[in-house]
Amino acid sequence: MNKNITIAHGNGGEENGELIEKIFFKHFQNEILAKGEDAAVIEDGKLAFTTDSFTVSPLFFPGGDIGKLAVCGTCNDLAMMGAKPKYLTCSVIIEEGFSSRELEKIVRSMQKELEINGAMVVSGDTKVVPKGSVDKLFINTTGIGEIKQSGISANSVEEGQSILVSRDIGTHGATIFAAREGIELSSKLQTDCASLYPTVKALIDAGIKISALRDATRGGVAAVLNEWARACEICIEIEEEKVPICDEVQGMCELLGFEALSLANEGTFVLSVASEDEAKALSVLQQFHPSATVIGHVGNSHPCKVILNSSWGTKRFLDLPTGELLPRIC
């Protein structure tokens, strides 16, 4: 890999995977970490454990702020392992001169999302650094959750299963880009940032046997599907015309050359279930967001690859995102 770290190494795509594999996995290698899950499963499968850091710019954006993002991000990683979020830590690095009023607004956002998840902050740390040392505010949150359905894993996707998304994709990445660049939109486009445990709980309560869940954050849906394909040595075929993309996101992608499947999400997840559970899972998802849909199926024609079938009858490989996508989106 490159001798120096670049923005691309934090994009959730090919370079990010290379950084993790060649430096962190190399030195921290153990059986739990090697599974590459959203959260570690510990204590004989009873608990899920995860941590995340948040550095979004701007701190406030349509539909959310860095505080909401921090709690949603960590609680969602727990939920993706079938766990109910219980306890979080909150560590903040604050730049000298930052507004205390804005800080309190951010903390209020965090508490609101904690209430949605039925979780609480039980420990934390605060550091204030000289002006210019950080960009206003960085937040780290660590979470522990109680596993409600075991066996959910990125390594459990099998041939014949159905692939679903919980709602339309790419709105977080598009919203952050528009806010950062000052793009004026004549629409109400806003981030999808939301706590996902209520949706996951509904799937579990409906008796659906979930094989894999993954929230499509950095690298988007494309990153999730490629990670599953490689981990399980299967082929995932996606129907392009079935992928839900709102008009605003589609328009921005066409204008700026983005791939919607690679844009970040913060309240959208990908789900793999047995084909017999497809209809029931879709019914549950659509209770939370009408745009949820089945986007494809798992096969074996090209192991470790994701194939995108177009409405014109053509096929192409959907690769893991590379290069600088949208830095500082979470």
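This is a predicted model: local features need pLDDT of at least 70, side-chain atom pairs count only at pLDDT 80 or more; totals for chains, interfaces and linings use all residues.
**Exercise 1. Characterise helix α7 by its span and its burial.**

*Solution.* Step 1: helix α7 covers residues 220-232, which is 13 residues. From first to last C-alpha the helix reaches 19 Å, close to the 18 Å expected at 1.5 Å a residue; the expected span is 1.5 Å times one less than the number of residues.

Step 1: α7 is mostly covered, since 10 of its 13 residues are buried. Among them are Val221, Val224, Leu225, Trp228 and Cys232.

Step 2: the buried residues of α7 pack against strands β8 (162-165), β9 (210-215), β10 (235-239), β11 (269-273), β12 (293-299) and β13 (305-309).

Step 3: after the helix comes Glu233, which has a positive phi, near 55°.

**Exercise 2. Trace the salt bridges in which Arg214 takes part.**

*Solution.* Step 1: the whole structure contains 11 salt bridges, each being a side-chain nitrogen of Lys or Arg within 4 Å of a carboxyl oxygen of Asp or Glu.

Step 1: Arg214 and Asp38 are joined by a salt bridge of 3.2 Å, N to O. Because Asp38 belongs to the loop between α2 and β1 (40-42) and Arg214 to strand β9, this pair ties together parts that are 176 residues apart in sequence. Asp38 is buried at 16% relative accessibility, and Arg214 is buried at 7%.

Step 2: Arg214 also forms a salt bridge with Glu227, with the closest N and O atoms 2.7 Å apart. Glu227 lies in helix α7 and Arg214 in strand β9, so the pair links parts that are 13 residues apart in sequence. Through shared partners, salt bridges join Asp38, Arg214 and Glu227 into one network. Glu227 is partly exposed, with a relative accessible area of 34%.

**Exercise 3. Identify the residues of the nonpolar surface patch and the helix that gives the most to it.**

*Solution.* Step 1: Ile5, Ile20, Ile23, Phe24, Phe28 and Leu33 make a nonpolar surface patch of about 530 Å². Patches are made of residues with over 30% relative accessible area and no salt bridge; like charges are joined within 9 Å and nonpolar side chains (Val, Leu, Ile, Met, Phe, Trp, Tyr) within 5 Å. Accessible areas come from the Shrake-Rupley method with a 1.4 Å probe, and for residues only the protein chains shown count as cover.

Step 1: helix α1 (residues 14-28) gives the most to the patch, with 4 residues.

Step 2: Leu33 is placed in helix α2, residues 31-34. At 32% relative accessibility, Leu33 counts as partly exposed.

Methods. Residues are numbered from 1 along each chain as its sequence is written. Side-chain values use heavy atoms; hydrogens and water are left out. Helices (H or I, at least four residues) and strands (E, at least two) are DSSP runs, numbered from the N terminus. Buried means under 20% relative accessible area, exposed over 50%, partly exposed in between (1.4 Å probe, protein chains only). Contact means heavy atoms within 4.5 Å.
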